[in-house]
Protein chains: 2
Amino acid sequence: MENLTPVQKELYDWLVQYINTNKHSPSIREMMKAMKLRSPAPIQSRLEKMRNKGYIDWTEGQARTLRILQPHGEGIPLLGKITAGGLVEPFRDEQEKIDFGSFFNLPNCYVLQVVGDSMIEDHITEGDYVIMQSITSIQQAKDGDIVAARVEGYGTTLKKIYFSPSKVSLKASNPKYAPINVSPDQIQVQGSLMGVCRLHQK
Amino acid sequence: MENLTPVQKELYDWLVQYINTNKHSPSIREMMKAMKLRSPAPIQSRLEKMRNKGYIDWTEGQARTLRILQPHGEGIPLLGKITAGGLVEPFRDEQEKIDFGSFFNLPNCYVLQVVGDSMIEDHITEGDYVIMQSITSIQQAKDGDIVAARVEGYGTTLKKIYFSPSKVSLKASNPKYAPINVSPDQIQVQGSLMGVCRLHQK
DNA sequence: AGTTGCTTAGTACGAGTGTTCTAAGGTACA
DNA sequence: TGTACCTTAGAACACTCGTACTAAGCAACT
């Protein structure tokens, strides 16, 4: 990526710090004062150049909508792709970052730890943490979704849900477990799978 | 913490979603339209109540400075265990929390995205993010560890490593890929698997 | 029916804000 | 010295935005 000039870097660093502490962007006039300038024009010029270089972006005409595109703060660097097959895939130089804290930062989310092996063919295994998003009505689930559902007599389990005109089918992704077929009013869908996390012990 | 009324919760969830995707706060009039209201007053009323309850805050008089407060500390609530087999496991009331941001907050870590299916039997599949810890010497790897290793002629791949007196064996966990057997000086181990993360698209 | 309390509609105002324009200042280079 | 180019100053404009205010709607209760 193209480098920043000294004045651009000074502004960029100040912006990162400001947004980090205030959790929102400053206005152009605030930047102006922080850079000890007496006119908004230089700030605007620097911002446009930094946008062209891919460091920042904002929504035109709207106040305080500036955002940092490549924050070098939170997160773990994503170095590239690795092949499991055997082909060569070079490590990238660009330092994209992943912040797993906000990776699953969705409203109404909770985590469950998996016991058992009924979702093994979807690569969800014993001990995995599954990130679920709350569901209040069964209508919010779509055909094939992996859901946490409660059925009388079966308890709460993690299954794939399929809809047919008369009934709802809950299928494990492991052939040794038979599907559960019930009418929609016998089932209570509590959440829908958003992600999976696994910690390998050493 | 004091609970939110339904309309407050609807607005709160929308705000979290908006800020998550746009990286800045909406204006009151944007909230107004999103809530299908025709006046800014109800939004203002709801915001003030949510601020009093400690959910949000903003800087008075300044545009788009609203921010979500996280009084429960970072993280997603861990509600309990869920069985994949069919047994009943009740949801826990205790609100243990998991912060995936610090979940993988280990020194010398980086992330790779997986291509291919050679680790499929260890439930690491295409598109998964693998969290690796840097390794400088092959001695830091233990028998059976999943490592990112570079072998001349094979590129950098994700495999299980096994040591024998004379050679090092890299095995995929997929029978259609043959193991690679080389002498220790032909292999360069770059990292060891610490965790796996997967995002399910909706 | 009347009262009370809360929510919503609608409007208005002033300050904040992004943007644009012209002019002045400064620097590099011929 | 002169020219070209970029940066800065300063002002002005139009629009956005937070805020305040009044009136109307609405439900619960007396």
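## Surface near DNA strand C

α3(B) gives the largest share of the surface near DNA strand C, five residues. Near means that a residue has a heavy atom within 4 Å of the strand. Helices here are DSSP runs of H or I with at least four residues, numbered from the N terminus. This is a predicted model: local features need pLDDT of at least 70, side-chain atom pairs count only at pLDDT 80 or more, and totals for chains, interfaces and linings use all residues. Residues are numbered from 1 along each chain as its sequence is written, chains are lettered from A in the order in which they are written, and side-chain values use heavy atoms, without hydrogens and water.

There are 21 residues around DNA strand C. A:Ile28, A:Gln44, A:Arg64, B:Arg46 and B:Lys49 come nearest.

## Polar contacts

A polar contact here is a pair of N or O atoms within 3.5 Å. B:Arg46 places a polar side-chain atom 2.6 Å from a phosphate oxygen of DNA strand C. A side-chain N or O atom of A:Arg29 lies 3.0 Å from a base nitrogen.

## Lysines with positive phi

A:Lys23 is not a glycine, yet its phi is positive, about 65°. A:Lys23 sits in the loop between α1 (6-22) and α2 of chain A. B:Lys23 also has a positive phi of about 65°. Its loop joins α1 (6-22) and α2 (28-34) of chain B. Most residues other than glycine have a negative phi.

How values were computed: A polar contact is a pair of N or O atoms within 3.5 Å; within protein, one must be able to donate a hydrogen and the other to accept it, and residues adjacent in sequence count only if both atoms are side-chain atoms. Helices (H or I, at least four residues) and strands (E, at least two) are DSSP runs, numbered from the N terminus.
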